[in-house]
Amino acid sequence: MTECIMYNVVLGDFHPSTICVERSGFPKSLDGLLSLTDPEYADESLKEYIEEYARTDEIMPQDKTIGFVVFNLQKRIVSVSLSSLNEAEDSALKKLREKMEAIGFVFELDAPSL
C-alpha cells in the first residue's frame, strides 16, 4: 500500500494538473511549490515539478489517499488538508506557510495537531 497526497495545481485558465505525491516525498514536495510562484516560468516549472515529485507507477486499489494540496497561482492560495501528520511534515508545512505568506499567498491548513 502506498500513502498518497493528491495535488491539484492551477496555474492559469487551463485544466489543472492533478498528481499523486507519495508520503515519503511529501515534505520535499512542499518546498518545491515555491518554484511555481513565478507566473513567467510557471508552466516550465510545473513540468519539472511533476517529473521530480509525481508518482510514476500504477495506482493500485489498496493505495490510500491521505490528503490533498490545492495550489492556485492566480488566486495566490495554497490549501492543505491531511488526515494525519508526522513531525517532518509538520515542520515542512510551517516553513512553507512562512515563505508563502511572505510573498503574498494565503495559506490554509486542515490537519491534526501533533
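Four aromatic pairs turn up in a search of the whole structure, which is a predicted model. One of them joins Tyr 7 and Phe 26. Their ring centres lie 6.4 Å apart, with 75° between the planes, and the pair is edge-to-face. This pair links distant parts of the chain. Tyr 7 sits in strand S1 (residues 3-10), while Phe 26 belongs to helix H1 (residues 26-32). The two are 19 residues apart. Tyr 7 has 1% relative accessibility, so it counts as buried. Phe 26 has 0% and also counts as buried.

Now take Tyr 49 and Tyr 53. Their ring centres are 4.6 Å apart and their planes stand at 50°, so this pair is tilted. Both residues lie in helix H2 (residues 42-53). They are four residues apart, about one turn of the helix. Tyr 49 and Tyr 53 are both buried. Ring pairs tie Tyr 7, Phe 26, Tyr 49 and Tyr 53 into a cluster.

Step back to the whole chain. It holds three helices and five strands. Their order along the sequence is β-β-α-α-β-β-α-β. Of the contacts with a separation of 6 or more, 65% come from residues 24 or more positions apart.

Of the 114 residues, 41% count as buried.

Last, the surface and the charges. The accessible surface is about 6,700 Å², and carbon and sulfur atoms supply 50% of it. The chain carries 11 positive and 21 negative side chains. The centres of these two sets lie 4 Å apart.

Key: Residues numbered from 1 in each chain as written. Predicted model: local features only at pLDDT ≥ 70, side-chain atom pairs only at ≥ 80, totals over all residues. Heavy atoms only, no water. Buried < 20%, exposed > 50% of the residue type's maximum accessible area, 1.4 Å probe, protein only. Contact = heavy atoms within 4.5 Å. Areas by Shrake-Rupley, 256 points an atom, 1.4 Å probe, with all protein chains shown as cover. Lys, Arg positive; Asp, Glu negative; His and termini not counted. Charge placed at Lys NZ, Arg CZ, Asp CG, Glu CD. Phe/Tyr/Trp six-rings, centres within 6.5 Å; stacked < 30°, edge-to-face > 60°.
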